[in-house]
Amino acid sequence: MADEEQKPLPYVQETVLKKRKNNEEWAIRRKEQLGQKKLRSKENRKLIFKRAEQYIKEYRNQELDLVQMKHRGKRQKSSPVALKSNLLFIIRICGTNDMHPKTRKILHYLRLKRILAGVFVKANDGIMDMLRRVEPYVTYGYPNLKSVKELVYKKGSGKIGGQRVPLTDNNIIEQALGKHGIICLEDIVHEIATVGPHFKEVVSFLWPFKLNKTEDVQGKKKMYKDGGDAGNREDHINDLISKMN
């Protein structure tokens, strides 16, 4: 009688059990994926909104920069500044996303593609007009012989085949500038300091100087004469060069 009451358990094929298990695992994974997708969608909406606000602010700043750049150009044309020297040293102190493309183009023309890059230029009306237009992003002044010598000897690099090469060997200089009678570091210093006849060739050969960060420059777009960092420092540029060299 007891044997009649004990019924065997229904037989389920192993493949069916595996399929059932796989289906359950897939359902769990799918639920988790949907939850993660929903969370990412929510986070993305916040990020997109935040970026939209950021872009609007960036575009407004760029347009404002363009307007101010034009005003600076007009203002200075009516009141030209008398230059104390033909030689200027320019340092880029700031400027990233808030610049109008025209401002960036001028900085690139001056070879100031990076913040804290420095270059020697011969002062003329064209250069001064460009400086006025990008004045909030640069500081400049009249380097003395000591500053020129320290920059060339400590941080001087040449452009050879599109590559930056430290000027550790006078042979490098002679190969690049020997046809102009410039064969050593002292010749480069002299040509720059005196704004000599081959000044253009020398500064074109030199890689823009990579200067060190200093607490004296915080990237303030306010004019130096008004307590900021930007604009013409005249002879005071030498103090800054000494600290950044």
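This is a predicted model: local features need pLDDT of at least 70, side-chain atom pairs count only at pLDDT 80 or more; totals for chains, interfaces and linings use all residues.
**Entry 1: the largest pocket**

I began with the lining of the largest pocket and sorted its residues into 10 nonpolar, 4 polar and 3 charged. For that sorting, Ala, Val, Leu, Ile, Met, Phe, Trp, Tyr, Cys and Pro count as nonpolar, Asp, Glu, Lys and Arg as charged, and the others, Gly among them, as polar. Residues are numbered from 1 along each chain as its sequence is written, and side-chain values use heavy atoms, with hydrogens and water left out.

How much space lies in the largest pocket? I noted about 460 Å³. Of its 17 lining residues, Val 121, Phe 199, Lys 200, Val 203 and Ser 204 are the closest to the centre. E2 and H8 are the elements that give two or more residues to the lining. A pocket here is an open set of points on a 1 Å grid over the protein atoms alone, where a 1.4 Å probe fits, with protein on both sides within 12 Å along at least five of seven lines; lining residues have an atom within 4 Å of a point. Grid points are joined across faces, edges and corners, and the volume is the space filled by probe spheres set on the points.

**Entry 2: the whole chain**

I then stepped back to the protein chain, which has 9 helices and 7 strands. These are DSSP runs numbered from the N terminus (helices: H or I, at least four residues; strands: E, at least two). Of its 245 residues, 37% count as buried. Buried means under 20% relative accessible area, exposed over 50%, and partly exposed in between, with a 1.4 Å probe and protein chains only.

**Entry 3: two helices**

I looked up helix H7 (residues 185-193) and found Leu 185, Ile 188, Val 189, Glu 191 and Ile 192 buried. Down the axis of H7 these residues fall within an arc of 165 degrees, so they line one face of the helix. The arc is taken from the directions from the helix axis to the C-beta atoms. Their cover includes strands E1 (87-92) and E2 (117-122), along with helices H5 (145-155), H6 (170-177) and H8 (199-205). Just after H7, I spotted Val 195 with a positive phi of about 50 degrees.

Helix H9 (residues 237-244) came next, with Ile 237, Asn 238, Leu 240, Ile 241 and Met 244 buried. Their arc around the axis is only 160 degrees, which puts them on the same side of H9. They pack against E1, strand E3 (138-141), H5 and strand E7 (231-234).

**Entry 4: aromatic rings**

I found 3 aromatic pairs in the structure. Rings of Phe, Tyr and Trp (its six-membered ring) pair if their centres lie within 6.5 Å; planes under 30 degrees apart count as stacked, over 60 as edge-to-face and the rest as tilted. Why is the pair of Phe 120 and Phe 209 edge-to-face? The ring centres of Phe 120 and Phe 209 are 5.6 Å apart and their planes stand at 90 degrees, so the pair is edge-to-face. Phe 120 sits in strand E2 and Phe 209 in strand E6 (residues 209-210), 89 residues apart. Phe 120 is buried at 4% relative accessibility, and Phe 209 is buried at 2%.

Key
Contact means heavy atoms within 4.5 Å.
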